[in-house]
Amino acid sequence: SYGLYSATVALSYDLDLAGGNRRTLEALAAQVDYQAYQLEGARLNLAASLALTAIAQAQLTGQISATADLIAAQEEQLALTRKRLALGVGTEQEVLALLTQLEQVRAVIPALENRREQTRHLLAVLAGQAPAQSSAALFQLKDFALPVQLPVSVPSELARRRPDVRASEALLQAASAQYGVAVAKLYPQLTLTASLGSQALTAASLFGAGSLVWGLGGQLAQPLLTPGLRDNAKAAEAAMQAAQANYQQTVLQSLRNVADV
């Protein structure tokens with residue numbers, strides 16, 4: 001009976017001749033890019049919703065103000081008509097017609113105020129606040145202004161910056177990389193291993209002269225009886241083609257959206 005002491009360090013390296021590991025990293029990086037573009041798109045959508053809601057609120061405020069001016073003008077006209085009626089110049093029908101018009105215009109105010117209040121609630125929610133705790137200002141049309149010059153054409157490179165286009169592009173890149181991983185599995189896999197250490201019968205002589213041991217090895221694996229690998233490669237290729245079609249559709253829709261605007 002005896003004891004054997006050993007200390008060994010072993011290393012293994014996959015040569016990745018077919019590039020499967022590299023394509024795996026590429027697919028993971030593309031997924032990270034996709035999530036980043038999704039986040040950017042969500043932020044842009046939030047900013048657009050805030051701006052459109054603020055403009056809608058300003059529009060309703062302008063309508064309420066214009067309607068109030070119209071009511072004041074109609075009240076003045078009604079007062080003049082009643083004076084004419086008292087002097088025997090006007091008729092009761094004229095007074096009733098003006099009174100009907102005035103009440104119809106007055107009935108519009110509550111609906112406009114209700115819609116404006118709803119836009120205030122929506123602005124609060126978009127800003128991450130409860131409607132009762134909203135501190136948003138009341139926007140008016142004079143708070144907004146269009147650019148002095150509007151471009152009549154936009155380079156397609158600007159449309160490519162859209163987050164939805166970049167996200168679809170990242171998905172296409174990920175699908176292409178995953179197809180490369182599936183194809184790489186069809187080729188031989190070469191792995192090199194190496195070990196270095198020492199062995200001794202006593203702990204004191206473990207790292208002494210003559211205790212060094214080492215080893216080198218290689219492993220070559222070629223899948224032969226795995227027909228499912230080719231089916232997986234075909235499925236990955238079909239997924240890549242689907243991602244390509246989705247990317248093309250996203251680009252066309254973005255160009256159409258820019259052209260419409």
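# Briefing: helices and side-chain pairs in a predicted model

In helix α2, residues V95, L98, L102, V105, I109, L112, T119, L123 and A124 are buried, where buried means under 20% relative accessible area, exposed means over 50%, and partly exposed lies in between (1.4 Å probe, protein chains only). Helices (H or I, at least four residues) and strands (E, at least two) are DSSP runs, numbered from the N terminus. The structure is a predicted model, in which local features need pLDDT of at least 70, side-chain atom pairs count only at pLDDT 80 or more, and totals for chains, interfaces and linings use all residues. Residues are numbered from 1 along each chain as its sequence is written, and side-chain values use heavy atoms, with hydrogens and water left out.

**Confidence**

- The protein chain has a mean pLDDT of 91, and 100% of its residues reach 70 or more; pLDDT is the predictor's confidence in each residue, from 0 to 100.
- Among the elements of the chain, the lowest mean pLDDT (84) belongs to helix α3 (residues 156–160), and the highest (95) to helix α4 (residues 163–184).
- Where pLDDT is low, predicted coordinates should not be read in detail.

- Helix α1 has 67 residues and reaches 97 Å from its first C-alpha to its last, close to the expected 99 Å at 1.5 Å a residue; the expected span of a helix is 1.5 Å times one less than its number of residues.
- Just after α1, G88 takes a positive phi of about 85°.
- Helix α2 has 35 residues and spans 52 Å from its first C-alpha to its last, close to the expected 51 Å at 1.5 Å a residue.
- What covers the buried residues of α2 includes α1, contact being defined as heavy atoms within 4.5 Å.
- After α2 comes G128, whose phi is also positive, near 80°.

**Salt bridges**

- The whole structure contains 10 salt bridges, each being a side-chain nitrogen of Lys or Arg within 4 Å of a carboxyl oxygen of Asp or Glu.
- In one of them, the side chains of E26 and R23 meet at 2.8 Å, N to O.
- E26 and R23 are 3 residues apart in helix α1 (residues 20–86), a separation of about one helical turn.
- E26 is partly exposed at 26% relative accessible area, and R23 is partly exposed at 23%.
- R120 forms a salt bridge with E117, the closest N and O atoms being 2.7 Å apart.
- R120 and E117 are 3 residues apart in helix α2 (residues 92–126), again about one helical turn.
- R120 is partly exposed at 25% relative accessibility, and E117 is partly exposed at 34%.
- An α-helix has 3.6 residues a turn, so residues three or four places apart point the same way.
- R160 forms a salt bridge with E169, with 2.8 Å between the closest N and O atoms.
- R160 is partly exposed at 32% relative accessibility, and E169 is partly exposed at 23%.
- E75, E103 and R106 are linked in a network of salt bridges.

**Aromatic pair**

- The structure holds 1 aromatic pair.
- The rings of F139 and F144 have centres 6.0 Å apart and planes at 40°, so the pair is tilted.
- Rings of Phe, Tyr and Trp (its six-membered ring) pair if their centres lie within 6.5 Å; planes under 30 degrees apart count as stacked, over 60 as edge-to-face and the rest as tilted.
- F139 is partly exposed, with a relative accessible area of 26%, and F144 is partly exposed, with 32%.
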